[in-house]
Amino acid sequence: MKTMIVTGGAGFIGSNFIIYMLNKYNEYKIINLDKLTYAGNLENLRSVQDNENYLFVQGDICDSELVDSLFQKHDISYVINFAAESHVDRSITDPEIFVKTNVLGTSNLLNIAKKYWEKNGEFKEGVKYLQVSTDEVYGSLGETGYFMETTPLDPHSPYSASKTGGDLIVKAYADTYKMPVNITRCSNNYGPYQFTEKLIPLIINNALNKKHLPVYGDGKNIRDWLYVEDHCSAIDVVLHKGNPGEVYNVGGHNERENIYIVKTIIGYLGENVDSSINDTLIKYVEDRKGHDRRYGIDPEKIKRELGWYPATSFEIGIKKTIKWYLDNKNWMENVTSGDYQNYYSSMYEKI
Ligand SMILES: NC(=O)c1ccc[n+]([C@@H]2O[C@H](COP(=O)([O-])OP(=O)(O)OC[C@H]3O[C@@H](n4cnc5c(N)ncnc54)[C@H](O)[C@@H]3O)[C@@H](O)[C@H]2O)c1
């Protein structure tokens, strides 16, 4: 039995990952360390909360005493760091918490992981640390080309800058101490349990409630979409087969313009749920400050070295996702009550 700490496991990707791992393996005990910010939701983990291989600990990755005590109490083999402030819009209005969690929190986790890795097997065995990062650290692409692992880091938003800071500290621990770490940089995820501030669940939720569907700028910004279960399988592969110190880009050539995403959701809901959901709900709003134009991942390295490629095309994944939100309206109502309403009524006040 091996034990892993998964941080941020009550968030969108972290909760999908915990469910994925507990369903796939019997030999891992998973400790979910999550602060439960506005984005953390234990409801996501209801299906595994009684699993004897699962333990939830509420806490901050910046809290060295707490993190150290987890390493002391449990024989930790893996740390997978999902915990982050993750929303670009929020980073524009409140950048400091992004630096705190995404840079200092990462540094704290790594530092304690290093301490126990050094204790273990004279620097040879023990803790492997995996940093879950983003393609946004590479900046923005023009009309052609893709992000490769060797693409220079050129972040623009406070979110992507803070993720870059975290990545560079992880890289330093690999370069300096030869600590066994990996960094994964993936494209935009979508799927079940994504907080309704992100594009796809926001559009589904607003459309079902006949609210305007906000689209930044001309709607032609391009993101490369990855179904969350494919991201989970990529992390699983990197965790077990990734070469120490390496960075792996995770994506699968599913680039789409934002407006295409919005119209696809409208098309599905208009046809299957309510014919009055149509393009008139779309509202173009002032562009996000410093909005990156295009992201596109080159996934050749992870495909070639580790044999991973996503199983889900965008066309299949988006249908599965919309169906999930339709089948889980209570989940959506719960996450969109309270604080969410206050935040978004000021955020989209122009709508
Ligand atoms: N969602 C995407 O499309 C995407 C794409 C690329 C990379 N990523 C990265 O994947 C990771 C997970 O993203 P997500 O979309 O699931 O995010 P999320 O916002 O849904 O979840 C983040 C989780 O981290 C927790 N958290 C925040 N600060 C914490 C702290 N200081 N200590 C402990 N827990 C804390 C929150 O409570 C929440 O449960 C992030 O590191 C993000 O940068 C996400």
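Which residues of α5 are buried? The structure is a predicted model, in which local features need pLDDT of at least 70, side-chain atom pairs count only at pLDDT 80 or more, and totals for chains, interfaces and linings use all residues. Residues are numbered from 1 along each chain as its sequence is written.

Helix α5 covers residues 158-177; helices (H or I, at least four residues) and strands (E, at least two) are DSSP runs, numbered from the N terminus. Its 20 residues reach 28 Å from first C-alpha to last, close to the expected 28 Å, where the expected span is 1.5 Å times one less than the number of residues. The buried residues of α5 are P158, Y159, S160, A161, S162, K163, T164, G165, G166, D167, V170 and Y173. Here, buried denotes 20 or more other C-beta atoms within 10 Å of a residue's own, exposed 12 or fewer, and partly exposed the range in between, with C-beta atoms placed from the backbone. The cover over these buried residues includes α3 (88-93), α4 (96-119), β5 (128-134) and β6 (181-186). Just after α5, K178 takes a positive phi of about 60°.

Two further residues can be considered for their backbone. Most residues other than glycine have a negative phi. L36 is partly exposed, with 14 other C-beta atoms within 10 Å. H253 lies in the loop between β10 (247-250) and β11 and has a positive phi of about 55°. H253 counts as partly exposed, with 16 C-beta neighbours inside 10 Å.

The ligand is surrounded by 30 residues, of which the closest are G8, G11, A39, G40 and A84; a residue is near a molecule if its C-beta atom, placed from the backbone, lies within 6 Å of it. The elements giving two or more residues to this shell are α1 (12-24), α4, β5 and β7 (188-190). The largest share, three residues, comes from α1.

Strand β7 also belongs to an open sheet of three strands, ordered β7-β9-β11 with mixed pairing; two strands pair if DSSP finds at least two bridges between them. Because β7 and β11 (255-257) stand at the edges with a single partner strand each, one side of each is left without a neighbour in the sheet. Three bridges join β7 to β9 (residues 222-227), and these two strands run parallel. Within this pairing, W225 in β9 is the bridge partner of N188.

How values were computed. Two residues are in contact if their C-beta atoms, placed from the backbone, lie within 7 Å.
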